[in-house]
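This briefing is intended for a reader who is new to protein structure. Please keep the sequence and the model in view while reading the points below.

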Amino acid sequence: MGEEEVNSKGIQSIEVGMDILKKIAEVSKPLSITEIAKLCDTSKSKLHRYLTSFTRTGILEKDQNAKYILGTELVMLGLKASQKLNITDMVAPHLIDIKDTLNETAALAIWGESGPFFVSWEESNGPVNIGIKVGSRVSITQSAAGRVFSAFLPEEITEDKINIELEKYSIDQDLFQDKINFIHKKGYSFVNSTILPGISAIAAPIFNRTSNLVAVLTVVGLENSLDTSENSTAVHMLKEKSVMISRLLGWNGDSL
């Protein structure tokens, strides 16, 4: 069976393939087959078979320069695997802490087949019910959480949904890109009265050990009580919590 031979430790070709993918992921930029061969210390002829199979299955993709990048299928597998870590249980005490400290509604959103949605929340003790429910869909352009997904998920996953909403809500693409740039620079997003009049929200990303976005932590409250400015207590706490949870998932990136 050669390279496909099964021994007591498993299938060698699968292990080799995983090593190739890990090395490509570590570089975080498009790579030519020559660059990958050098990185993996192997011949291009041997490597070509792996790259062909990975491309056929969507694990890898080629960009406009015929260089290889991680594919949508691999990204989605990573997201689904991360969700199996029972992140809702991990985040639950932090949602309670945020709610008790800020007296605002705290929620957790993840990405699903139809886009982002809430999977857990802690309602504030305030007089107004924000209306967040498990399974509630999240606008990718109008909500604080949705914009974080727009900023940190691969473009091939979010592009179609973003374009639909840009047209639906008559949003200028350049202005929306400015908001995405803000999120990358400041590490959080915010909205004021975009979905419901008088309602504000802030959101921050949660990453895993490979720096992939796996969830978004968000706080929702009345516009006159939730301070969305960069140096506010709410923003500071939210960013601190998102970094703490990301660290628990193995993330070792820079603080937000």
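K241 and D97 are joined by a salt bridge, with their closest N and O atoms 2.7 Å apart; the term denotes a side-chain nitrogen of Lys or Arg within 4 Å of a carboxyl oxygen of Asp or Glu. The pair links distant parts of the chain, since K241 belongs to helix 9 (residues 233-248) and D97 to helix 5 (residues 87-102), 144 residues apart. Helices (DSSP runs of H or I, at least four residues) and strands (runs of E, at least two) are numbered from the N terminus. The model is predicted: local features need pLDDT of at least 70 and side-chain atom pairs count only at pLDDT 80 or more, whereas totals for chains, interfaces and linings use all residues. Residues are numbered from 1 along each chain as its sequence is written, and side-chain values use heavy atoms, with hydrogens and water left out.

**Salt bridges**

- By this rule, the count of salt bridges comes to three.
- K241 is buried, with 8% relative accessibility, while D97 is partly exposed at 31%; buried means under 20% relative accessible area, exposed over 50%, and partly exposed in between, with a 1.4 Å probe and protein chains only.
- K186 and E230 meet through their side chains in a salt bridge of 3.3 Å, N to O.
- This pair also links distant parts of the chain: K186 is in helix 8 (residues 173-186), and E230 is in the loop between strand 9 (213-222) and helix 9, 44 residues apart.
- E230 counts as partly exposed, at 35% relative accessibility.
- K99 forms a salt bridge with D100, their closest N and O atoms being 3.5 Å apart, and K99 counts as buried at 14% relative accessibility.

**The chain as a whole**

- The chain contains nine helices and nine strands.
- Of its 256 residues, 43% count as buried.
- The accessible surface of the chain is about 13800 Å², and carbon and sulfur atoms account for 50% of this area; such areas come from the Shrake-Rupley method with a 1.4 Å probe, and for residues only the protein chains shown count as cover.
- Among contacts between residues at least 6 apart in sequence, 54% join residues at least 24 apart; a contact means heavy atoms within 4.5 Å.

**Helix 7**

- E155 lies in helix 7 (residues 155-168) and is exposed, with a relative accessible area of 52%.
- T158 also has its place in helix 7, but T158 counts as buried at 2% relative accessibility.
- Apart from neighbours within four places in sequence, T158 is in contact with W111, I140, F149, S150 and L153.

**A nonpolar surface patch**

- I11, I14 and M18 make a nonpolar surface patch of about 250 Å².
- Patches are made of residues with over 30% relative accessible area and no salt bridge; like charges are joined within 9 Å, and nonpolar side chains (Val, Leu, Ile, Met, Phe, Trp, Tyr) within 5 Å.
- I11 lies in strand 2 (residues 10-11) and is partly exposed, with a relative accessible area of 30%.

**Positive phi angles**

- Most residues other than glycine have a negative phi.
- N103 is not a glycine, although its phi is positive at about 55 degrees; N103 lies in the loop between helix 5 and strand 5 (105-112).
- S211, also a residue other than glycine, has a positive phi near 65 degrees, and its place is in the loop between strand 8 (199-207) and strand 9.
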